[in-house]
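Keep the structure open beside them as you read.

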Amino acid sequence: MKRTVPLMIVMVGGILMMLQYFIPHQYSQVIFNNYLEWAPIVGAFALILGVGSLTRLHTHKIRRKAKNWQYSWAVLIPLFGMPLFGLIIPQSLGGGSDVHGVHDFLFMHIQVPIQSTMFSLLAFYIASAAFRAFRAKSALATILLLAAVIVMLGQVPIGDVFGRWLPNTGLWILRYPNLAAKRAIMLGVGFGMLATNLKIIFGVERNWLGGAGK
Amino acid sequence: MSAVNIWEKMLNVDRRWIFLGIGIVSIVPFLIGFGMPITTTTEVEGIFNYMNELGPDDAIFIGFDFAPGTQAENMPMAVAVMRHAFHNHTSVFMTAYVPLGKGMAVSALDYVTNPKTDGYYERVLFEDWADYREAGITKKDELTAAWESDGNVLSEGAVGWVFEGRDYVLLGYLPLFHLVILGMTGSIETQFPVDYHGNSIGEMPILMEHKSLRDVDLAVTTSGSSACVAWITYAREKIGLPIAFGVTGVMATDYFPYIQSGQIVGQMGGLRGAAEYEVLLKENGITETTDKAFTGMDVQSASHIFIILLIVMGNIAFFAGGFHKQTRLKGRR
């Protein structure tokens with residue numbers, strides 16, 4: 001029962017939605033509209049589950065004084081602090097999402113700089129990694145290296161200094177060899193997704209059930 | 001010191017020197033500002049030309065489908081498209097696929113309507129022009145004329161008025177946004193009964209003229225993740241909504257197949273794509289100056305050259321030192 005019911009729900013729901021997409025009848029549309037209303041509600045419960053699980057994990061760490069338990073406060077305080085300012089505390093007291101609100105201040109002056117800084121650090125590590133790893137050790141590695149150099153130069157205005165052939169060659173690499181490779185990968189991934197979905201719908205793949213599937 | 005040792009030392013250079021070099025080439029071009037010319041590509045021209053055909057009766061979506069991490073690349077794209085739409089009096093719906101995208105949309109709108117920005121637009125809030133709506137004045141030219149005849153004058157430096165609810169609406173973020181896209185193919189109002197500020201969408205002229213995605217002419221998704229593909233899957237393939245991508249440089253290579261298949265009208269790839277759009281805006285007299293992306297391209301030029309020099313130096317040391325004959329190198333290489 002514990003696994004038969006979920007398997008049945010997935011099979012019926014999966015087949016129903018698959019057929020619905022190809023049937024332009026009003027009853028089919030009703031099913032679709034119901035699904036659109038239901039799915040966010042289910043998603044909201046998943047959110048509650050996620051927040052609950054995260055809170056339990058970190059409060060447990062703090063209580064047990066586990067390794068690096070102090071960082072758990074860095075998770076819990078923003079996790080509850082931001083919604084508090086955004087939803088509960090009125091705008092007049094610095095809450096809400098008004099320009100002068102505390103919620104907006106925290107977002108613009110803490111979250112935005114933190115994320116931008118983290119992403120910017122990539123430039124430093126990419127430079128270091130390029131110096132140490134980009135070696136023309138073989139014919140294929142040399143092709144990769146040359147293509148990378150041409151595309152890198154072709155993407156910036158200074159590439160034009162070497163002549164129009166350089167940006168044009170960079171664009172040719174992107175528009176043809178790159179496109180062919182990407183399309184092949186996308187097709188492969190697409191067929192893989194289709195096969196996996198069918199396996200889940202028909203109950204062949206049961207890992208998503210966790211322990212209950214075994 | 002033998003020659004081999006020099007090459008070995010070179011290969012084992014402390015990475016902090018590399019970090020310092022990147023830091024210098026990232027800062028100096030900002031201070032000097034080379035302003036090197038940028039040529040435009042068909043991928044970006046495709047979006048620009050499509051946008052240029054749109055007028056006051058048309059509407060676009062700008063999807064702020066990115067988080068602050070990629071705002072350096074994505075934000076200039078969104079800002080450039082928003083300026084273009086405002087210039088042509090094309091209505092703009094702003095949405096966010098990710099929670100933090102809502103804040104990015106607010107920032108973009110604040111930037112375009114900030115008096116400190118060159119060629120800014122003066123914003124009129126929804127409640128400020130309620131009397132005109134009640135009087136049935138909602139067409140852009142009539143509204144602007146009535147607004148100015150009542151003594152409202154554009155501030156110095158402003159290039160036009162933008163009326164909230166007529167020229168733009170900030171819808172914001174909803175969870176499971178791919179389902180929201182699907183839902184908006186039937187009705188925008190059912191998905192977003194109120195906007196970001198709590199105004200009723202149903203009272204807005206922008207929604208009265210464009211009730212669903214079927215009445216919208218283009219969706220430009222600026223994205224730092226694969227979120228942009230959702231617009232293809234759920235809007236382009238279901239109702240044929242034209243889509244344009246503005247994606248980060250590292251992602252741009254992934255989406256060339258969509259251009260060739262005609263599923264998107266064009267793509268702005270990375271800061272370069274945004275800079276190209278800024279150049280097109282300037283060349284066509286839509287803006288007087290280029291903006292942040294164009295300035296940033298000098299930094300990219302310098303840092304790309306620096307990285308290529310590092311690669312060349314690394315390979316010279318690798319071969320000149322005879323390390324290519326060894327199966328395993330010593331130390332951190």
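**Notes on chains A and B**

1. Start with two helices of chain A. Helix α1 (residues 4-22) of chain A packs against helix α2 (residues 26-64) of chain A at an angle of about 125°, and their axes are 9 Å apart. Helices here are DSSP runs (H or I, at least four residues), and strands are runs of E of at least two, numbered from the N terminus. Axes are lines fitted to C-alpha atoms, for helices over the stretch in contact; angles run from 0 to 180 degrees between N-to-C directions.

2. The model is predicted: local features need pLDDT of at least 70, side-chain atom pairs count only at pLDDT 80 or more, and totals for chains, interfaces and linings use all residues. Residues are numbered from 1 along each chain as its sequence is written, while chains are lettered from A and ligands numbered from 1 in the order in which they are written.

3. Which residues make the contact between the two helices? From α1(A) come Leu16(A), Met17(A) and Gln20(A); from α2(A) come Ser28(A), Ile31(A), Phe32(A) and Tyr35(A). Contact means that C-beta atoms, placed from the backbone, lie within 7 Å. These residues divide into five nonpolar, two polar and no charged. Ala, Val, Leu, Ile, Met, Phe, Trp, Tyr, Cys and Pro count as nonpolar, Asp, Glu, Lys and Arg as charged, and the others, Gly among them, as polar.

4. Chain A has domain 1 (1-66) and domain 2 (134-214). Those bounds come from an automatic or database domain assignment. The domain centres, taken over C-alpha atoms, are 32 Å apart. Eight residues of domain 1 of chain A contact seven of domain 2 of chain A. The domain 1 side of chain A has five nonpolar, one polar and two charged residues.

5. Now look between the chains. Chain B gives 42 residues to the contact and chain A gives 40. On the chain B side, α15(B) supplies the largest share, 13 residues. That side divides into 22 nonpolar, 16 polar and four charged residues.

6. Chain B also holds an open sheet of six strands, in the order β5-β2-β1-β6-β7-β8, with parallel pairing. Strands pair if DSSP finds at least two bridges between them. β5 (168-173) and β8 (266-269) of chain B are at the edges with a single partner each, so one side of each has no neighbour in the sheet. β2 (residues 91-96) of chain B pairs with β5(B) over five bridges. There, Thr95(B) stands opposite Gly172(B).
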